[in-house]
Structures are given as structure tokens and as C-alpha cells.
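Notebook open, model loaded. I wanted to go through the rings, the sheet and the helices in turn.

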Amino acid sequence: MGWRIAVGADSAGYEYKEALKKQLQDDPRVDAVLDVGIGSDEDVDYPHIGVAAGRKVADGEVDRALLVCGTGIGVAMAANTVPGVRASVAHDSFSVERLVKSNNAQVLTFGQRVIGLELAKNLASQWLDHVFDETSPSAAKVAALEEYDRAAGEQPAPAC
């Protein structure tokens with residue numbers, strides 16, 4: 001069974017999202033690609049894209065998400081607001097590897113204004129090969145993150 005991946009971008013990441021989406025659709029390791037926006041004629045702010053993708057991951061509709069904005073930071077922050085989702089920007093091979101192997105993160109983000117398209121394509125391809133090892137020394141750290149996530153979900157919302 002191959003990966004199910006959501007892709008998304010705001011207007012600052014649209015071109016990369018389209019190129020990466022095509023690459024993922026053509027990759028035999030990927031079974032499905034779900035585009036959560038934007039379309040060529042849309043202008044949606046990054047928080048909405050990041051949260052939409054994060055919800056698809058949290059709901060189990062997709063296994064992972066690949067998001068692009070100007071820096072990759074905004075969509076990562078937005079996706080991280082969804083309980084159970086771990087997202088980060090990564091612009092080098094080692095960080096992409098550790099994103100998955102050390103942190104069991106499901107969401108990789110790129111900055112279209114930060115890295116070249118060929119590097120983004122290379123890193124996205126590498127990302128598909130990495131899986132989290134539940135028996136690794138990092139498992140206890142990821143379990144701690146998950147526990148904090150659960151505890152935060154049980155806290156009452158702060159009064160405004």
C-alpha cells in the first residue's frame with residue numbers, strides 16, 4: 001500500500017505545490033494525492049491551508065501532507081494547531097530524514113522563496129522513503145509529545 005498525501009499552498013507557494021503534486025502523482029510509492037488548495041484562481045491565506053491539510057492527516061484521510069508557502073514556516077505553524085499533527089519546515093536531507101525518523105512528523109513544509117524547485121523535488125522524494133521506527137530511542141520522545149497533545153485537548157479554552 002502506498003502513501004496517501006495531501007498537498008497545499010497559499011499564493012506564495014502555488015507554483016511549487018503544482019510541480020510537487022505532479023511529481024507525487026507520478027511516483028509509484030504514492031497511491032493518492034489530495035489537493036487541499038489553492039487553485040490557480042484562488043487567494044487563500046496559509047492558516048486555512050495548513051489547518052485543512054492537518055485535519056486530513058488527523059482524521060486519517062491521508063498519511064502525510066506536503067505544504068508550501070513563502071517560507072514554509074506559516075503552513076507548518078498552522079498545521080501544528082491541529083491536535084495530533086506534527087509539522088516542520090525542512091530544507092535539507094538530514095532535516096527531512098529526522099523529521100520522520102526522530103519526530104514521527106506527518107507534515108513536511110517548504111518555502112518557495114527559500115529553496116530551489118529541484119531541491120524541493122529531491123527532498124520530497126527522499127521524504128517518501130523515511131518511516132518512523134516505533135522501537136527507536138525516539139519513540140519515548142514522540143510518546144511524550146503525544147501525551148502533551150492529549151493533555152492540551154483536555155484543557156479548557158482560555159478566556160478572552
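Predicted model: local features only at pLDDT ≥ 70, side-chain atom pairs only at ≥ 80, totals over all residues.

Residues are numbered from 1 along each chain as its sequence is written, and side-chain values use heavy atoms, leaving out hydrogens and water.

Next, charges over rings (NZ of Lys or CZ of Arg within 6 Å of the ring centre and within 35 degrees of the ring normal). Arg64 has its charged end over the ring of Trp3, 3.9 Å from the centre. I also found Arg64 over the face of Trp127, at 5.1 Å from the ring centre.

Then the sheet. Helices (H or I, at least four residues) and strands (E, at least two) are DSSP runs, numbered from the N terminus, and two strands pair if DSSP finds at least two bridges between them. I read an open sheet of five strands in the order E2-E1-E3-E5-E4, with parallel pairing. At the edges are E2 (30-35) and E4 (87-89), each pairing on one side only. Strand E1 (residues 3-9) runs parallel to E3 (residues 64-69) over five bridges. Arg64 turned up again here: in E3, Arg64 stands opposite Ile5.

What packs on the sheet? Helix H2 (residues 46-58) does, touching E1, E2, E3 and E5 (107-111), with its direction at about 175° to that of E3. Contact means heavy atoms within 4.5 Å; axes are lines fitted to C-alpha atoms, for helices over the stretch in contact, and angles run from 0 to 180 degrees between N-to-C directions.

I listed the buried residues of H2 (under 20% relative accessible area; exposed is over 50%, partly exposed in between; 1.4 Å probe, protein chains only): Ile49, Gly50, Val51, Ala53, Gly54 and Val57. Their cover includes E1, E3, helix H3 (73-79) and E5. Just after H2, Gly60 has a positive phi of about 80°.

Last, Lys21, in helix H1 (residues 14-26). Buried or exposed? Lys21 counts as buried, because its relative accessibility is 15%. Leaving aside neighbours within four places in sequence, Lys21 contacts Val7, Val33 and Asp35.
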